[in-house]
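Please find below some notes for a colleague who is opening this entry for the first time. They are set out as numbered points, to be read beside the sequence and the model.

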Amino acid sequence: MKMSEAFKRDIYFSFFMFTADLRPNDADYTQVLVRHLKALTDIGYTGFDVHIAPGPAHAGHHAEVESYVRLKKAFDKAGFQDVKFTTNVGTTRTYDPTSPYEEQRKQALSYLKSRVDITSVLGGENTIMSGPFLYPYGIFPLTDDGEEIWSDALQDWIKPRFAAAGSIFQELAEYSADKRVKLAIEPVKNWETPGPTMVSEALDFLESADIPVCGVTVDTAQVVMESQGPAIFRKNVARAAQQSRLNYVHISAPDRGAVKDSWIPWEIMLGEIEPVYSGPYLVEVFNAIPPFESSMRMTRRRFWRPDEDAPEAGVDSAYDVARAALKTLEEKIDSHGRRSYP
């Protein structure tokens, strides 16, 4: 890739820097989001990834979708009609597509279809729904005696759960294809979920369930913390690319903090990804805000959010971190391109 082409790649920014809930029915908060969008597009980001929080139990999925229709209209009215959006989605204990109970799996399918609808509303055609939406996020199995299940017993326990989700994901993939929304299952770490925790596990599921139009997300932080190393990473990227399943790439530091001067192994990551991936990169920084500060056991200081937090002398703002991350990623892409195409 030539240098001039490298800078044409879309680079998105995750709103995990600011919130895990867009609060689409809160008009005042919508204006806060609009101010962040304005600042970040001025910095140079061309799109954004937003988490779709589960709605209240009494709210129907149709009402949830309609709330995001209104939110998108507010974004458009503010001048962001051409800005691209992708979504981050997780399943819950209630909406569990791996449940042994058929009725619960059907509820999960309805929930996930509503998330595809919301993704389509926000992102239009050819957008991406990513996240840990195969197994409920943060839910770990227990025996009838309340004992935790780990290691070999966990592997044996989760295998029939994934098998039960196969038909649900086949129907979900067909639905999302009709909406022109790409699905990208994101493996996350073993302290976040019992599975899938590795890219190879997500690929194994999709292959065994025969779901050709569903893909995976490769997240640099998750990959670094996997129990598999560079050799398996290279095989996984090649395997996903050959099957047209490499649908999203997240650029995230191992501690989920600032990307600049982080421990991301750029040479290995971009060396494998750049030649086979043409989609957007997502810069993902988890800020020390609820619910992440407790769920991710954060000890580092918060990157203060302009218009939301009081400025702190000597502490980078969220915009400072975003600006530095974009510059770092552009330089790494450019550097890789020049080495590959002298």
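**Notes on the predicted model**

1. Residues are numbered from 1 along each chain as its sequence is written, and side-chain values use heavy atoms, with hydrogens and water left out. Helices (H or I, at least four residues) and strands (E, at least two) are DSSP runs, numbered from the N terminus.

2. Strand β2 (residues 47-51) is mostly covered, with 5 of its 5 residues buried; Gly47, Asp49 and His51 point one way from the strand, and Phe48 and Val50 point the other way. Strand β1 (residues 11-14) runs parallel to β2 and is joined to it by 3 bridges, strands being paired if DSSP finds at least two bridges between them. The chain passes from β1 through helix α2 (residues 27-43) to β2 in a right-handed β-α-β crossover, a term that applies if, with the strands pointing away from the viewer, the path from the first strand over the helix to the second runs clockwise.

3. On β2 there is also a pairing with strand β3 (residues 84-88), in the parallel sense and over 5 bridges. The chain crosses from β2 to β3 through helix α3 (residues 61-80), and this β-α-β crossover is right-handed. Val50 stands opposite Thr87 in β3.

4. Asn88, found in strand β3, is buried, with a relative accessible area of 6%. Leaving aside neighbours within four places in sequence, Asn88 is in contact (heavy atoms within 4.5 Å) with residues including Asp49, His51, Ser130, Glu186 and Glu284.

5. Which residues does Gly90 contact, leaving aside its neighbours within four places in sequence? They are Tyr111, Pro132 and Phe133. Gly90 is found in the loop between β3 and α4, and its C-alpha atom is separated by 4.9 Å from that of Pro132, 42 residues apart along the chain.

6. The count comes to 17 aromatic pairs, where rings of Phe, Tyr and Trp (its six-membered ring) pair if their centres lie within 6.5 Å, and planes under 30 degrees apart count as stacked, over 60 as edge-to-face and the rest as tilted. Phe48 and Phe85 form a tilted pair, 6.3 Å centre to centre with 45° between the planes. Phe48 lies in strand β2 and Phe85 in strand β3, so the pair ties together parts that are 37 residues apart in sequence. The rings of Tyr95 and Tyr111 have their centres 4.5 Å apart and their planes at 5°, so this pair is stacked, and both residues are buried.

Technical notes: This is a predicted model: local features need pLDDT of at least 70, side-chain atom pairs count only at pLDDT 80 or more; totals for chains, interfaces and linings use all residues. Buried means under 20% relative accessible area, exposed over 50%, partly exposed in between (1.4 Å probe, protein chains only).
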